[in-house]
Amino acid sequence: MGFFIAQILTGLANASALFMVASGLSLIFGVTRIVNFAHGSFYMLGAYVGYSFMQVLPGAWGFWTSILLAGLVVGIIGIVVEMLVLRPVYKAPELFQLVATFGVILVVQDLTLLIWGADDFLGPRAPGLKGIIRIMGEPVPKYDLALIALTPFVAFALWWLITKTRTGILVRAATQDREMVGALGVNQAWLFTGVFFLGCALAGLGGAVQLPKGGADLLMDFNILSAIFVVVVIGGMGSLPGAYVAAVLISVLNVFGVNYLPQSTLALMFVVMVVVLIFRPFGLFGREEVAGEHGQVGEPERPIKPAGQTARMIVMAGLVLLAFLPLIGDSFLLVLITDIAIFCLFAASLHFLLGLGGLVSFGHAAYFGGGAYAAALLVTYAGTPMELALILAPLAAGLTAIIFGWVCLRLTGVYFAMLTLAFAQLLWSLVFQWGDFTGGDDGLVDIWPSEWASGTTTFYYLALVLCIGGIIILRHTAHAPFGYALRGARDSARQAEATGINTKHVQWVAFGFAGAMAGIAGGLFVFSKGSIFPNELEIARSFDALIVVFLGGVKTLAGGVVGGAALEGAKDYITRFEYWRLLLGLLIIFVVIVAPDGIAGTLRKWAEKIGLMKREDQA
Amino acid sequence: MLEIKGINSFYGKAHVLNDLSFDVARGQVVALLGRNGAGKTTTMKSVMQLVVPQTGSVTFQDIDITRMPPHKVAKMGLGYVPEERRIFTDLTVMENLEVGRQPEREGTVKWSEDMLFDMFPNLAERRTNRGKELSGGEQQMLTIARTLMGNPSLILLDEPSEGIAPVIVEEMARVILRLKKDGLTVLLSEQNLHFAQAVADRVVIVESGTAKYKGTLAELNAQPDVRDTYLSV
């Protein structure tokens with residue numbers, strides 16, 4: 001019994017920081033409708049800033065002041081980010097905002113490294129709360145009890161602010177109809193900035209308050225990210241009581257998980273999330289997202305048409321060049337192009353879902369890594385030859401996508417994105433923690449192509465044929481009736497339904513198809529590298545693909561391929577710089593704000609300007 | 001008081017307002033009449049700068065408000081009551097009024113919740129109800145009350161009689177006349193000529209985004225052909 005209670009207390013204490021960070025995220029989403037992926041970064045900054053203050057300010061007074069100051073400083077950093085990065089993209093489509101906040105993550109990561117260095121900091125213990133108290137014989141840290149006592153005050157203060165004050169009323173009104181609030185004389189720009197300040201300050205507080213338990217390190221941002229998203233989604237986007245209940249639920253479950261099911265700790269919260277969303281699609285306390293409320297803004301989508309003569313010629317010339325490349329290039333170049341081709345197919349498969357289907361999947365790495373792992377496992381355990389493995393990899397990835405898609409497609413918008421992310425994380429944690437079977441963190445090694453394809457040049461041709469073939473099939477599907485149906489479902493689900501298209505079914509098939517295509521890329525990847533590690537299933541991998549599709553241009557059919565080639569090619573050079581994340585982050589933010597059409601879209605506009613391509617309205 | 005001079009407004013590529021010009025004088029009730037799609041709502045939004053006119057100007061109390069952010073336009077004393085009502089459905093009646101609250105303004109009536117509940121007795125009984133629990137007519141009343149909390153000197157009413165019961169339409173007319181008596185200037189858009197007849201001093205008829213007719217109500221009544229051409233009575 002004592003053990004049981006001690007476990008619950010630990011869970012409640014862990015929930016404290018989680019709640020602060022998650023409620024900040026929830027608040028920001030509720031008002032600005034921006035899913036702030038950089039929220040984990042503000043949490044990390046809170047820990048570092050708090051740590052620095054604690055080095056200077058002595059005693060118990062200094063400890064708690066440091067925590068408050070950390071919140072304040074991080075809130076102010078939040079204001080700067082809001083004004084510089086988010087203000088220009090409030091009216092842009094959701095994906096642009098996500099990518100912009102992802103750029104912020106990269107920038108913050110490198111700035112933190114620059115300022116505080118690469119070493120982890122052990123958090124100072126709270127003065128006056130260093131010991132433990134025995135509750136029914138079980139030791140409970142005093143600091144845990146302080147956190148448990150503190151959280152209700154934070155929660156109450158927030159609740160009071162939101163429900164009882166004029167600011168809170170305005171915030172809730174803006175959650176529902178920003179434009180109307182503006183038309184009634186409220187400067188909503190400052191309201192947004194204020195909310196962003198508060199949300200970031202909460203994240204900073206959370207980061208600082210957990211210092212005695214977890215310290216500060218450079219992985220904190222991504223480590224908490226999935227947890228806070230799970231909390232916000234389970235609780236319901238924008239709901240504070242929901243965030244509290246969900247934070248407690250997740251933390252307590254996690255503590256028990258560590259004791260009873262140590263293999264499943266990472267997967268557990270995603271399982272809970274999936275179960276909750278199946279029964280309550282908008283979270284425990286959430287309300288239905290009104291579709292189309294923040295949909296496509298700006299220039300209307302151009303109709304997609306098959307490539308014109310000029311474009312075909314350019315592509316043909318490129319292909320001929322690629323075909324003769326082994327005659328002129330060295331093996332380093334061939335390996336690089338192989339990598340690029342594989343990545344292009346991966347990106348193109350996501351672009352298919354995202355651009356044509358309007359299905360913003362945050363977990364596309366699941367199918368890339370899934371295909372790769374399927375091939376690797378077959379080789380390792382069944383001695384499957386490469387040829388068969390390359391056929392089975394897309395089948396396995398496609399099947400996974402069909403299963404995941406069945407659940408994910410019940411939801412739309414942000415919830416859909418979160419659910420795809422959760423499934424990808426589920427798969428990742430499964431691979432990561434089931435070491436006996438998957439090799440865990442050590443991955444699976446010694447997976448090489450068949451004898452005939454083991455030469456660099458031969459494998460280059462093999463990869464090229466499969467990847468270009470896959471891309472052509474994806475493109476062809478866009479122009480096939482199925483592609484029309486998919487785009488119809490994207491643009492107006494109701495109208496598509498009314499013309500007899502089973503939109504959910506079409507989207508489901510598309511999801512499986514894109515998954516299978518990513519699986520081909522994954523299969524090729526594992527044979528080109530000879531090994532596979534869980535990081536191919538990580539969030540960061542999914543985001544790589546998202547960024548590439550975005551940089552390439554969402555609205556252009558070639559976007560995925562162009563972006564994939566550009567980024568994978570540039571990565572080889574850019575990663576030689578010490579602070580390449582900073583560069584890439586700034587580049588991403590720059591593109592979001594200045595050239596939101598992406599590379600392919602911007603090129604097309606230039607081409608139209610100088611008369612290389614005909615404009616739509618003249619054609 | 002409000003001068004609209006040659007404005008051209010667009011939705012994407014659709015040219016909705018085409019060199020539209022008309023004035024609203026202080027203390028008057030002007031009715032903007034026209035068929036569906038004539039550009040009445042866009043006119044209202046263009047005055048509020050919710051749709052920014054590409055050319056032309058909107059002047060309010062001798063100040064050019066073109067391209068001013070909507071919240072500043074509202075702060076100058078322009079009150080906007082949108083067609084779709086757009087009350088905050090998750091907020092209570094009292095909270096909805098709070099959102100509209102603005103500081104007192106010289107030369108306008110200073111509205112308080114009690115005065116508004118006096119004018120809209122139905123709302124008084126529902127002050128702690130959420131917006132989504134109100135009937136259509138009550139929601140319409142709340143939208144007007146919410147805008148009045150900003151103590152405007154000119155109020156834009158976009159189709160106030162649309163989609164509400166005839167009894168409420170009558171009450172609406174009564175409210176508008178009462179506001180006029182208090183010195184408020186009103187620009188309202190209508191498809192319902194009878195409603196306009198009851199409240200308006202002057203009418204502007206819009207068709208394809210252009211003012212086809214401007215004059216007093218009496219003048220319009222003397223020209224049945226104009227009525228028949230532009231209005232489907």
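Helices here are DSSP runs of H or I with at least four residues, strands are runs of E with at least two, and both are numbered from the N terminus. With that settled, take A:Ile468, which sits in helix H19 of chain A.

Before I go on, the housekeeping. This is a predicted model, so to speak of a local feature I need pLDDT of at least 70, side-chain atom pairs count only at pLDDT 80 or more, and totals for chains, interfaces and linings use all residues. Residues are numbered from 1 along each chain as its sequence is written, while chains are lettered from A and ligands numbered from 1 in the order in which they are written.

Is A:Ile468 buried, exposed or partly exposed? It is partly exposed, because 17 other C-beta atoms lie within 10 Å; the scheme calls a residue buried at 20 or more other C-beta atoms within 10 Å of its own, exposed at 12 or fewer, and partly exposed in between, with C-beta atoms placed from the backbone.

The buried residues of H19(A) are A:Phe459, A:Tyr460, A:Leu462, A:Ala463, A:Leu464, A:Cys467, A:Gly470, A:Ile471 and A:Leu474. What covers them? Helices H13 (309-328), H14 (331-356), H22 (503-529) and H24 (559-574) of chain A are included in the cover, where contact is scored as C-beta atoms, placed from the backbone, within 7 Å.

A:Asp446 lies in the loop between strand S3 (444-445) and H19 of chain A. A:Asp446 has a positive phi of about 65 degrees although it is not a glycine. Most residues other than glycine have a negative phi. A:Asp446 counts as exposed, because it has 9 C-beta neighbours inside 10 Å.

Zooming out on chain A: the domain assignment gives domain 1 (2-219) and domain 2 (338-609), with bounds that come from an automatic or database assignment. Their centres, taken over C-alpha atoms, are separated by 33 Å. The contact takes 19 residues from domain 1 of chain A and 18 from domain 2 of chain A. Which element gives the most on the domain 1 side? That's helix H4 (residues 94-116) of chain A, with 14 residues. By type, that domain 1 side divides into 15 nonpolar, 2 polar and 2 charged; Ala, Val, Leu, Ile, Met, Phe, Trp, Tyr, Cys and Pro count as nonpolar, Asp, Glu, Lys and Arg as charged, and the others, Gly among them, as polar.

Now the meeting of the two chains. Here 18 residues of chain A are in contact with 21 residues of chain B. On the chain A side, helix H6 (166-176) and helix H7 (178-183) each supply at least two residues, and H6(A) gives the most, with 6. That side divides into 9 nonpolar, 5 polar and 4 charged.

Over to chain B and its sheets, where two strands pair if DSSP finds at least two bridges between them. One open sheet has 6 strands in the order S6-S7-S8-S3-S9-S10, with mixed pairing. Its edge strands are S6 (78-81) and S10 (210-216) of chain B, and the twist averages 15 degrees from one strand to the next. Within it, strands S3 (29-33) and S9 (202-207) of chain B pair in the parallel sense over 4 bridges, and B:Leu32 stands opposite B:Val204. Helix H7 (residues 166-181) of chain B packs on this sheet, touching S3, S7 and S8, at about 155 degrees to S8(B); axes are lines fitted to C-alpha atoms, for helices over the stretch in contact, and angles run from 0 to 180 degrees between N-to-C directions.

The other open sheet I'll show has 4 strands, ordered S2-S1-S4-S5 in chain B, and is antiparallel. Helix H1 (40-48) of chain B lies across S1 (2-11), S2 and S4, at about 70 degrees to S2(B).

Last stop: B:Gln61, in the loop between S4 and S5 of chain B, has a positive phi of about 50 degrees without being a glycine. B:Gln61 is partly exposed, because it has 15 other C-beta atoms within 10 Å.

Note on methods:
Contact = placed C-beta atoms within 7 Å.
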